[in-house]
Amino acid sequence: MEITENEIKHLATLSRLNFSEEELGKFSADFTAILNYVNELQKVDTSQVKDNTIIREFDELREDEVKPSLSNDDVIGNAPKNYNGYFVAPTVVE
Amino acid sequence: MEYDVVIGLEVHSELKTKSKVFCSCKNEFKGEPNTHCCPVCIGLPGALPIPNKEAVKMTIKAGLAVGSKINDIAIFERKNYFYPDLAKAYQISQAVRPICIGGGVEIENAQGQKKFIRLNRIHLEEDAGKLIHNSKIGGTMIDYNRGGVPLIEIVSEPDMSSAEEAVAYLSKLRNILQYIEVSDCKMEQGSLRCDVNISLKPKGSNELGVRAEMKNLNSFRSVARAIEYEIKRQSRLLDEGEQVVQETRRWDDARNRSFSMRRKEDAQDYRYFPDPDLLPFRIERSLVDEVKSTMPKLRDEKIEYYVNELGLSEYDAKVLTNDLNLVKYFDKVVSYFNKPKFICNFILTTVLKKVKENEESDDLDIPIDPQNFANLMQMYESGKISQAICRDLFDEIWLNNADCQKLVEERGLAQNNNEDEIKSMLQELINEFPQSVQDYKSGNAKALSFFIGQLMKRTQGKANAQIASKLIKEMLD
C-alpha cells in the first residue's frame, strides 16, 4: 500500500503544516513502509484467537466530583505566548 | 420554479454536571480564564481521560426523553481537526456507537397540525475552548475553561421543511432538555447551540439537493432568519440554472446574511478512530432502568396538573409550561401565596410583557425573588395596593428587587379604600370640571375615565379605582 505525496500534502494541510518537496518524498516513503509493516501483521491467522476487546463497566467510570484544577500560572506557564491569563495563538481564521 | 425545502438540525447542548466530562475540573460558565483546567483538558501528553458517570447518565436521560434506543456498548472516538479551540488537535466524540440511537419529537405548527421529527442519534462529546480574536495583540486569546465541558449533540433526520418547523423543533427540544434538568439551554450563553443543514429540491422530487450548513446561530430568531435567507439564496441560484455548492456558511446576525466559510473541496476530513485512552464501555439494562426512574414530570403531565388541580385554563397552562424557568418560578410563588389563577394572570400579562421587552434574549430570567413577588401579589389581591401602584412597584423591584412591603410602608402607598374620602375628593373634581360633567350628561361615557384619571393623579394612584368608578357613576347619574 502506498501513501502518495499528495496524501501527505493533504494531511499537512489539515494539520496546518508546510513540508518541502524533499520532506514530502521522505514522509511518503516512511508512511508507506509503516503501512506495509502493518500489512504483514494482517497476514497472521487470528481466526482461532479469542476476541480480547476489553470493555469497561459503568462502575469503573468516574464519579461526578470536582477536584482542584491547576493554577493559572501552571496552565499557561509553558505557553510560548500568553496575555492576561489567556493562551495566545496565531490567528487561524476558519 | 417551486421547491421543497429540506432541513435537518444538529443541536448541541451543554450538560450541567458538576465536573467536566473526562476530568475533575469544575464545569462552570464564568470564572477567570484558564482556571478550571488540568493536564487532561489542556491536552498535556500522558494525561488519561476517564468518563464522568453523571454525563453518561444525563445523555441516557435525554435519549429516554425522546424515545431513543440506548446502545448496550458505547465507544468514544477521536475527531481529528487542527484548530486552537482544542489543545489536543482532536475532540473526543462518538461516531459508530453513540450512546443513543433514533427516537424523535412531535412538533405542532401554528395551525395545530402535528408532525413527527425523527432523530438520528444523540452522542456525548467534549466542548471546545473559547477563542477571542484580538488584533491589538496580534493573535487569538484562548480560554480552555469550557474545553472538556460535557456536550451532547442531537442530530435530527432532514424532516423539517420550513423555518417555522425548525424553530418549533428547537423549542420543543429545549423544553424537554430543561424539564429533565440535564441542561440550562441558554442560547445566549452558548449552552444550547444549533447548526442547520438545508437544501432545496424541485417540488415533489425524491432526489435530495446539495446542502449548505449554517453555523453561528445564537437565537431562535437568527435560526428563523438564517433559514429564510438560505431558502431565498438557494432558490435564486437554482432558478438561474446555477449549482448550489456544498459548503459551510456563517450567519452574520447584524448584517442579516450569511457568508461562505469553507467549501467541500477543503472540507474537514476528521479521520475518526476509537480513542485508545478510552475503552468501549457497557451500559447495562439496569442502569437504563435506574435513569428511567429519575425522570421528572414532562410538560404534558404538568399541564394536566395545572388544569385539574390548580384550575388554570388549558391555554394558560400551555403558555406557562412553555419554559421550565417560568414553571419553577410560578410553583415557588404559589407555594408562598396560594392563589394560582391570580398569580398566573399577572405573570402571563405583566411579567411576560416585561420579559419580551428584552427581545434579544430567548432566555427567561425573572430577577425578582419569588417570596418578594408573592408578597406583591398578596398586597394587590387583598386590595392593600391599587393596580396602578402594583404595576409601578413591579417595575421598580424588577430592577432592584427591593422589599415591596417595606416600600409600601415607607412611602405610604397603601390603597385608599375609604368611600367617604374618595367621595369628597370626587365632589371636588365635579365642582372643578363642570364641562366634563356636561360631556357625560350629553352621552360621552369617556368623561368618567377623565374623573378617575384626575383622581389617580391627585392621589398618586392610591385611590381604589373600583370604588371610585362605582361612586362617580352614582354621583353623576
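Strand E2 of chain A (residues 86–89) and strand E10 of chain B (residues 139–143) run antiparallel and are joined by three bridges. Within this pairing, A:Phe87 stands opposite B:Ile142 of E10(B). The model is a predicted one, and the values reported below are computed from it.

The contact between the two chains draws on 32 residues of chain A and 41 residues of chain B. On the side of chain A that touches chain B, two elements contribute two or more residues, namely helix H3 (72–76) and strand E2 (86–89). The largest contribution is that of E2(A), which supplies four residues. By residue class, this side of chain A consists of 16 nonpolar, six polar and ten charged residues.

Chain A contains three helices and two strands, which follow one another from the N terminus in the order α-α-α-β-β. The radius of gyration of chain A is 22 Å, whereas a compact globule of 94 residues would have a value near 12 Å. The C-alpha trace of chain A extends over about 55 × 50 × 25 Å along its principal axes. Buried residues account for 9% of the 94 residues of chain A. Of the contacts in chain A with a separation of 6 or more, 37% are between residues 24 or more positions apart.

Chain B comprises 15 helices and 17 strands. The box filled by its C-alpha atoms, taken along the principal axes, is roughly 90 × 55 × 55 Å. Of the 477 residues in chain B, 36% are buried. Among contacts in chain B between residues at least 6 apart in sequence, those joining residues at least 24 apart make up 71%.

In soluble globular proteins, nonpolar side chains tend to be buried together. The largest nonpolar core of the model has 72 residues, and the members that touch the most others are B:Ala62, B:Ile99, B:Ala166, B:Tyr169 and B:Val196. Helix H2 of chain B (residues 163–179) gives the most to this core, contributing eight residues. With residues up to four places away in sequence left out, the contacts of B:Ile99 include B:Val56, B:Thr59, B:Ile60 and B:Gly63. B:Ile99 also touches B:Ile70, B:Asn71 and B:Ala74, as well as B:Ile122, B:His123, B:Leu124 and B:Ile283. Another core, of 28 residues, lies apart from the largest one; B:Leu320, B:Ile347, B:Met377 and B:Met379 are among its members.

Three strands of chain B form an open sheet in the order E5-E4-E16, with antiparallel pairing. The edge strands are E5 (90–93) and E16 (273–274), each of which pairs on one side only. Strand E4 (residues 77–80) is joined to E16(B) by two bridges and to E5(B) by four bridges. B:Arg78 stands opposite B:Phe273 in E16(B) and opposite B:Ile92 in E5(B). B:Glu77 faces a further residue of E16(B), standing opposite B:Pro274.

Most residues other than glycine have a negative phi. B:Arg271 is not a glycine, yet its phi is positive, at about 45°. This residue is located in the loop between strand E15 (257–263) and E16 of chain B. B:Arg271 is classed as partly exposed because 13 other C-beta atoms lie within 10 Å, with 12 or fewer required for an exposed residue and 20 or more for a buried one. A positive phi, of about 50°, is also found at B:Asn34, likewise not a glycine. B:Asn34 belongs to the loop between strand E1 (3–14) and helix H1 (53–65) of chain B. B:Asn34 counts as buried because it has 27 other C-beta atoms within 10 Å.

Two packed helices are described by the angle between their axes and the distance between the axes. For helices H13 (residues 434–441) and H14 (residues 446–458) of chain B, the axes come within 8 Å and cross at roughly 145°. On the H13(B) side the contact involves B:Ser436, B:Asp439 and B:Tyr440, which meet B:Ala447, B:Leu448, B:Phe450 and B:Phe451 of H14(B). The residues in this contact of H13(B) with H14(B) comprise five nonpolar, one polar and one charged.

Key:
Residues are numbered from 1 along each chain as its sequence is written. Chains are lettered from A and ligands numbered from 1 in the order in which they are written. This is a predicted model: local features need pLDDT of at least 70, side-chain atom pairs count only at pLDDT 80 or more; totals for chains, interfaces and linings use all residues. Axes are lines fitted to C-alpha atoms, for helices over the stretch in contact, and angles run from 0 to 180 degrees between N-to-C directions. Two residues are in contact if their C-beta atoms, placed from the backbone, lie within 7 Å. Ala, Val, Leu, Ile, Met, Phe, Trp, Tyr, Cys and Pro count as nonpolar, Asp, Glu, Lys and Arg as charged, and the others, Gly among them, as polar. Two strands pair if DSSP finds at least two bridges between them. A nonpolar core is a set of buried Ala, Val, Leu, Ile, Met, Phe, Trp, Tyr and Cys residues joined through C-beta atoms within 7 Å. The radius of gyration is taken over C-alpha atoms; the globule rule is 2.2 Å times the number of residues to the power 0.38.
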